[in-house]
Amino acid sequence: MPVNVVYPRIVSIGAGAVGELGAILRQLGLSRPLIVSDGFLRQQGLVGRVADLLRAEGVEAGVFTDTVPDPTTASIDLGLAALKGADYDSLIGLGGGSPQDTAKIMAIMHVHGGVVRDYKVPAVADRAGLPVIAVPTTAGTGSEVTRFSIITDSESDEKMLCAGPAFVPAAAVVDYELTLSKPLRLTADTGIDSLTHAIEAFVSRRANPLSDTFALAAMKIIFANIRRVCAEPGDREAREQMMLGSMLAGHAFTNASVALVHGMSRPIGAFFHVSHGLSNAMLLPRVTRFSAPAAETRYAVCARTMGVAPAEASDADAVAALLTALDLLNLDLQVPSPRAYGVPHNRYFDGIDIMATQALESGSPGNNPRVPTHAEICELYREAWD
Ligand SMILES: [Fe+2]
């Protein structure tokens with residue numbers, strides 16, 4: 001069966017890539033971008049630096065920095081109002097996954113209207129909006145290359161997965177120097193998120209030879225560097241590798257989708273304001289244990305690729321080594337359980353039924369090698385508590 005893959009038209013990667021922004025806009029025939037970022041990055045001076053860079057190239061950019069972590073429908077409305085205010089022809093999503101996801105859905109809704117829920121899966125957005133140039137500052141969500149945007153409903157707290165080729169940015173500017181100042185917790189959480197993308201893409205029922213190539217390369221690079229980058233945040237070589245790994249993992253999952261870990265992690269993030277990478281990390285070892293019997297060979301390849309099992313290890317031994325390695329990684333990176341994180345016990349257990357329903361509705365569990373029932377997801381949430 002043929003597979004359809006999607007990529008940005010231009011990817012600029014490497015130290016100093018952000019300096020290419022003006023040239024990329026010219027290449028795309030764009031001249032009036034709105035920078036979509038957050039208050040923290042504005043305060044840090046990055047938004048001003050990018051605006052100055054563009055001004056030096058004769059481009060006057062608008063600035064919107066009222067995006068929020070885990071973007072909400074209310075924050076998208078604010079962004080859309082800002083976008084309407086002038087004759088912008090493009091958006092620059094500058095920041096972690098949240099500003100990028102915000103820019104991506106704003107670009108589509110500005111042109112095609114509707115409300116965010118109209119774009120929730122199983123809807124497929126295939127009509128292009130304004131062009132987006134994605135500039136990630138974490139490694140990362142991979143949002144700079146993916147056909148996804150995740151937006152939380154301000155009323156119901158549901159994290160809605162929105163998908164389609166129209167969400168793929170026109171260009172990605174992947175400059176690891178922008179990640180050098182990121183603190184340990186953010187580095188660890190975003191790093192585990194990208195490792196989860198690689199593993200889930202590889203075991204996904206929608207995996208294909210192209211996504212496999214990206215997934216294996218990504219997990220090898222990420223696993224080899226994640227402890228190093230957390231131990232020494234200024235390690236340029238490790239930062240560069242993590243940025244490359246994160247983008248490759250993005251290429252993998254945009255073409256193969258993520259699976260049960262992401263399906264279950266979104267409701268935890270939405271209800272208890274746990275960061276996306278951290279809620280994935282809380283679930284990754286346990287969900288892998290649940291899923292492994294249905295795809296032992298694939299998980300064994302992950303173990304050998306990540307170097308946690310020797311090439312000659314049996315599949316069963318390799319899978320056992322992978323489970324141990326994921327537990328150890330969480331321990332080393334100090335990933336808390338929901339209980340240790342401070343999630344209220346009653347709200348967590350009362351919420352399991354609706355979290356399981358939302359996980360299933362996202363469609364991601366359907367890509368899992370072992371497709372869970374609602375009851376099995378509930379049980380996994382109970383097991384993940386502590
Ligand atoms: Fe993710």
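Reader: Where does His273 lie? And what is around that place?

Author: His273 lies in the loop between H9 and H10. Before going on, a note on the model: it is predicted, local features need pLDDT of at least 70, side-chain atom pairs count only at pLDDT 80 or more, and totals for chains, interfaces and linings use all residues. Residues are numbered from 1 along each chain as its sequence is written, and side-chain values use heavy atoms, with hydrogens and water left out. The labels H and E stand for DSSP runs numbered from the N terminus: helices (H or I) have at least four residues and strands (E) at least two.

His273 is exposed, at 58% relative accessible area. In this wording, exposed is over 50%, buried is under 20%, and partly exposed is in between, using a 1.4 Å probe and protein chains only. The phi of His273 is near 50°, which is a positive value in a residue other than glycine.

Now the two helices on either side. Two packed helices are described by the angle between their axes and the distance between the axes. Here H9 covers residues 260-272 and H10 covers residues 276-291; their axes are 8 Å apart and the packing angle is about 140°. H9 is therefore oblique to H10. Angles under 35 degrees would count as roughly parallel, over 145 as roughly antiparallel and 65 to 115 as roughly perpendicular, with the rest called oblique. The axes are lines fitted to C-alpha atoms, for helices over the stretch in contact, and the angles run from 0 to 180 degrees between N-to-C directions.

Which residues meet? On the H9 side they are Leu260, Val261, His262, Met264, Ser265, Ile268 and Gly269, and on the H10 side His276, Ser279, Asn280, Leu283, Leu284, Val287, Phe290 and Ser291. Contact means heavy atoms within 4.5 Å. Sorted by class, this contact of H9 with H10 has eight nonpolar, seven polar and no charged residues. For that sorting, Ala, Val, Leu, Ile, Met, Phe, Trp, Tyr, Cys and Pro are nonpolar, Asp, Glu, Lys and Arg are charged, and the others, including Gly, are polar.

The largest nonpolar core has 81 residues, and Leu195, Met264, Met306, Tyr348 and Tyr381 touch the most other members. Helix H7 (residues 209-231) gives the most to this core, with ten residues. Such a core is a set of buried Ala, Val, Leu, Ile, Met, Phe, Trp, Tyr and Cys residues joined through side-chain atoms within 4.5 Å. Tyr348 touches Phe272, among others including Tyr381 and Trp385, leaving aside residues up to four places away in sequence. Another core, of 25 residues, lies apart from it, with Val18 and Leu28 among its members.

The other end of H9 has a loop too. Ser257 lies in the loop between H8 and H9. Ser257 counts as buried, at 5% relative accessibility. Its phi is positive, about 75°, although Ser257 is not a glycine. Ser257 is one of the residues touched by Asn367, together with Val258 and Ala259, not counting residues up to four places away in sequence. Asn367 itself lies in the loop between helix H14 (345-361) and helix H15 (374-384), and is buried, with a relative accessible area of 10%.

Helix H6 (residues 184-203) and helix H8 (residues 236-256) cross at roughly 40°, their axes coming within 8 Å. That makes H6 oblique to H8 as well. H6 passes H8 in a left-handed crossing. Residues of H6 in the contact include Gly191, Ser194 and Ala198, and those of H8 include Arg239, Met242 and Phe253. By class, the contact of H6 with H8 divides into seven nonpolar, five polar and one charged.

Definitions and conventions:
A crossing is left-handed if the near helix is turned anticlockwise from the far one by less than a right angle, and right-handed if clockwise.
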